[in-house]
Amino acid sequence: MVLRYVGRLGAQAGKADLYGAGPLAACQVDQWLETASQVAPGQGFEAVCSSIDKYLALRTFLAGYALTVADFAIWGQLQGAWCGALRAAVMFLNVTRSGS
């Protein structure tokens, strides 16, 4: 996956730590990158969104305390045709909230 490469490349170059601030965060990033492939319209979509929503209830970011490629991956999957439906449904408040 391209996001894994970009995140690890940035960490090696001493740039933004998009792959997490340590080994635990990097493992969480890997987990969310795998989960991102399940965020697709179809059977089980609402269950995955519900799981992400519950996880974000007490967090701002998916892995650690800063933006990582995991956040980009999940956000990218949600930006498809279902994004408007998610915003209209008001079911997943933490998935659809914005940074403002």
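Predicted model: local features only at pLDDT ≥ 70, side-chain atom pairs only at ≥ 80, totals over all residues.
Residues are numbered from 1 along each chain as its sequence is written, and side-chain values use heavy atoms, with hydrogens and water left out. Gly-22 is found in the loop between helix 1 and helix 2, and its C-alpha atom is separated by 8.8 Å from that of Gly-64, which lies 42 residues apart from Gly-22 along the chain.

The secondary structure of the protein chain comes to six helices and zero strands, where helices (H or I, at least four residues) and strands (E, at least two) are DSSP runs numbered from the N terminus. Read along the sequence, the chain accordingly follows the pattern α-α-α-α-α-α. Of the 100 residues of the protein chain, 34% count as buried.

Helix 2 (residues 23-36) and helix 4 (residues 69-78) pack at an angle of about 10°, with their axes 8 Å apart; axes are lines fitted to C-alpha atoms, for helices over the stretch in contact, and angles run from 0 to 180 degrees between N-to-C directions. That angle makes helix 2 roughly parallel to helix 4, given that angles under 35 degrees count as roughly parallel, over 145 as roughly antiparallel, 65 to 115 as roughly perpendicular and the rest as oblique. From helix 2, Val-29, Trp-32, Leu-33, Thr-35 and Ala-36 meet Val-69, Ala-70, Ala-73, Ile-74 and Gln-77 of helix 4. By class, this contact of helix 2 with helix 4 has eight nonpolar, two polar and no charged residues, where Ala, Val, Leu, Ile, Met, Phe, Trp, Tyr, Cys and Pro count as nonpolar, Asp, Glu, Lys and Arg as charged, and the others, Gly among them, as polar.

Ala-36, found in helix 2, counts as buried at 4% relative accessibility. When residues up to four places away in sequence are not counted, Ala-36 touches Ala-73, Ile-74 and Gln-77. Ala-36 and Trp-75 are 39 residues apart in sequence, and 8.7 Å apart in space, C-alpha to C-alpha.

Thr-68 is found in the loop between helix 3 (45-55) and helix 4 and is buried, with a relative accessible area of 2%. Leaving aside its neighbours within four places in sequence, Thr-68 is in contact with Asp-17, Leu-18, Gly-20, Val-29 and Ala-63. Arg-8, by comparison, lies in helix 1 (residues 2-12) and counts as partly exposed at 42% relative accessibility. With the neighbours of Arg-8 within four places in sequence set aside, Arg-8 is in contact with Tyr-19 and Asp-30. The C-alpha atoms of Arg-8 and Val-69, which are 61 residues apart along the chain, are separated by 9.7 Å.

A search of the whole structure finds zero disulfides, a disulfide being a pair of cysteine sulfur atoms within 2.5 Å. Cys-27 is exposed, with a relative accessible area of 52%, whereas Cys-49, at 1% relative accessibility, counts as buried.

Technical notes:
Contact = heavy atoms within 4.5 Å. Buried < 20%, exposed > 50% of the residue type's maximum accessible area, 1.4 Å probe, protein only.
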